[in-house]
Amino acid sequence: MGIKLLEVLFFALTFTFLMAWGTIKKQRKSQEMLDLLSKQCEKKIYKAFKSETTWREDDLEAMLEGTQAKLFWSRERAVVNTPEIMLKSILDKMAEKGEIKRGKQKTVKWIKE
């Protein structure tokens, strides 16, 4: 009798833990997708700066257009529809770190070697 009671109690605790974990993951899904999307866009920009040191912001925006991010456990996707906003936040971070220098006529130059 005591063993059955412990088995039921253990099952209930496990079920409760899994339900709570699932709820938390569901609540944080949109933020995780945005973070993943931002990282993918940053990778594209860093890769572009490896090939050329100076870019126009329009060209970088075109490069980011349509970038997608998907969590492996979700069917939903995050897509860059307005690359201006994403590019501005990424370039602000890079300028803050001292990696780029913004020029006239919306040009961006890579200065960190």
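Analyst: Before the packing itself, a word on axes: these are lines fitted to C-alpha atoms, for helices over the stretch in contact, and angles run from 0 to 180 degrees between N-to-C directions. Helices (H or I, at least four residues) are DSSP runs, numbered from the N terminus. This is a predicted model, in which local features need pLDDT of at least 70 and side-chain atom pairs count only at pLDDT 80 or more, while totals for chains, interfaces and linings use all residues. Residues are numbered from 1 along each chain as its sequence is written, and side-chain values use heavy atoms, with hydrogens and water left out.

Helix H1, covering residues 2-51, packs with helix H3, residues 83-97, at an angle of about 65°, and their axes are 10 Å apart. On the H1 side, the contact (heavy atoms within 4.5 Å) is made by Leu37, Ser38, Cys41, Glu42, Ile45, Tyr46 and Phe49, and on the H3 side by Met86, Leu87, Ile90, Lys93, Met94 and Lys97. Sorted by class, this contact of H1 with H3 has 9 nonpolar residues (Ala, Val, Leu, Ile, Met, Phe, Trp, Tyr, Cys and Pro count as such), 3 charged ones (Asp, Glu, Lys and Arg) and 1 polar one (the others, Gly among them).

Lys93 counts as partly exposed because its relative accessibility is 42%, which falls between buried (under 20% relative accessible area) and exposed (over 50%), with a 1.4 Å probe and protein chains only.

Note on methods
Helix = DSSP H or I, 4+ residues; strand = E, 2+ residues; numbered from the N terminus.
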